[in-house]
Amino acid sequence: IPRLPGWTVTGARPIPTDPDRLIAEVIEVSGLKSSFQSFGVEIGRQAAAGEQESLTPDEARALADSMRRLFEPGKITAEVSANLKVGLDVERMARFLEILRQPIAVKMSSEELRAIVQPQALKEFAESTRKNPPPATRAKLIQAMDGVTRYSEIQSDMASAMVRAMLDTMLVELKRAGKKVPKDAAGAAATQLNGLRAQARNQAIGLLYFTYRNVSDEDLSAYIKLLDSDSGRWGTELLANAVRPVLADR
């Protein structure tokens, strides 16, 4: 497999040729498998916190537990793996795995995972950056990272899809119950969704700042350069497209 100039050969361990093993390692090394568990726990915590005034402690625990079961990592991993197998290009996937095995990628994957379940730290960081905005060099790097990964775009798509489903369900239930639905309800919903997309994008950018807050500009720049290769962009988009429908269904 051709390597980009400056790549580190991470040991003599060969790249798997079996598609199942290849996909399994990509999911493992990318941090997706570990993040699914953390993601489910965090979704459960947020769901319970959002309804804490109307739920009893037992109901809040039941809601959180149901979210953890819904986002059970084994099931999600199996579904993502199945999506990745469709039309799999083994050679390109092998090149992408080489990228994920690079030391800087492994380091960043650890940072990304740690950032998932730190709501209080994220809140404090957001307040701090409002008072002391990051320097232009860091802003440029975060913008570049978002451009490579399309992170804020994916997050806004997910948020709007979720809210659109809730709004559509609410309108159907109102009509079914014989309630009067305003004529401009659809237009108002569209306006609300546009505002939500912008908000979700801004929150996603803020999360990128938080995720890499302890990473030097040099390391972040090296990571972006690694991802901003043909194989890096291809693999990143492939993973996003495999994960998106799995989470959207839930």
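Colleague: How do α4 and α12 cross, and within what distance do their axes come?
Modeller: This is a predicted model, so keep that in mind. The axes of α4 and α12 come within 9 Å. They cross at roughly 130°.

Colleague: Is that parallel or oblique?
Modeller: Oblique. Angles over 145 degrees would count as roughly antiparallel, and 65 to 115 as roughly perpendicular. The angle between α4 and α12 is roughly 130°, so the two helices are oblique to each other.

Colleague: And which hand does the crossing of α4 and α12 have?
Modeller: The crossing is right-handed.

Colleague: Which residues make the contact?
Modeller: From α4, Ile76, Glu79, Val80, Asn83 and Leu84. From α12, Leu238, Leu239, Ala242, Val243, Pro245 and Val246.

Colleague: How does that contact split by class?
Modeller: The contact of α4 with α12 has 9 nonpolar residues, 1 polar and 1 charged.

Colleague: Let's go to the core. How many residues does the largest nonpolar core have?
Modeller: The largest nonpolar core has 22 residues. Those with the most contacts inside it are Val26, Ile27, Val80, Leu84, Met93, Phe96 and Leu239. Val80, Leu84 and Leu239 also belong to the contact of α4 with α12.

Colleague: Which helices supply at least two residues of that core?
Modeller: α1 (19–29), α4 (73–85), α5 (90–101) and α12 (230–249) each do.

Colleague: Which one gives the most?
Modeller: α12, with 6 residues.

Colleague: What lies apart from this core?
Modeller: Another core, of 20 residues. Ile99, Val148, Leu208 and Leu227 are among them.

Colleague: What does Ser156 touch?
Modeller: Arg197, Ala200 and Arg201, not counting residues up to four places away in sequence.

Colleague: And Met162, buried or exposed?
Modeller: Met162 is in helix α9 too, but this residue is exposed, with a relative accessible area of 52%. Its C-alpha atom is separated by 9.8 Å from that of Leu247.

Colleague: Where is Arg150?
Modeller: In the loop between α8 (136–149) and α9 (151–176). Arg150 has a positive phi of about 55°, although it is not a glycine. Its relative accessible area is 24%, which means partly exposed.

Colleague: Another loop, then. Where is Pro134 found?
Modeller: In the loop between α7 (119–131) and α8. Pro134 is partly exposed, with a relative accessible area of 30%. The C-alpha atoms of Pro134 and Tyr209 are separated by 8.7 Å. Along the chain they are 75 residues apart.

Colleague: One more serine. Which helix has Ser109?
Modeller: α6, residues 103–114. Ser109 has 11% relative accessibility. Buried means under 20%, so Ser109 counts as buried.

Colleague: What is Ser109 in contact with?
Modeller: Val29, Ser30 and Gly31, leaving aside neighbours within four places in sequence.

Colleague: Now the whole chain. How many helices and strands?
Modeller: 12 helices and 0 strands.

Colleague: What percentage of the residues in the chain is buried?
Modeller: Buried residues make up 35% of the 250 residues.

Colleague: And what share of the contacts comes from residues 24 or more positions apart?
Modeller: 88% of the contacts in the chain with a separation of 6 or more.

Key:
Residues numbered from 1 in each chain as written. Predicted model: local features only at pLDDT ≥ 70, side-chain atom pairs only at ≥ 80, totals over all residues. Heavy atoms only, no water. Core = buried A, V, L, I, M, F, W, Y, C linked by side-chain atoms within 4.5 Å. Buried < 20%, exposed > 50% of the residue type's maximum accessible area, 1.4 Å probe, protein only. Helix = DSSP H or I, 4+ residues; strand = E, 2+ residues; numbered from the N terminus. Axes fitted to C-alpha atoms, helices over the stretch in contact; angles between N-to-C directions. Parallel < 35°, antiparallel > 145°, perpendicular 65-115°, else oblique. Left-handed = near helix turned anticlockwise from the far one by under 90°. Contact = heavy atoms within 4.5 Å. Nonpolar A, V, L, I, M, F, W, Y, C, P; charged D, E, K, R; others polar.
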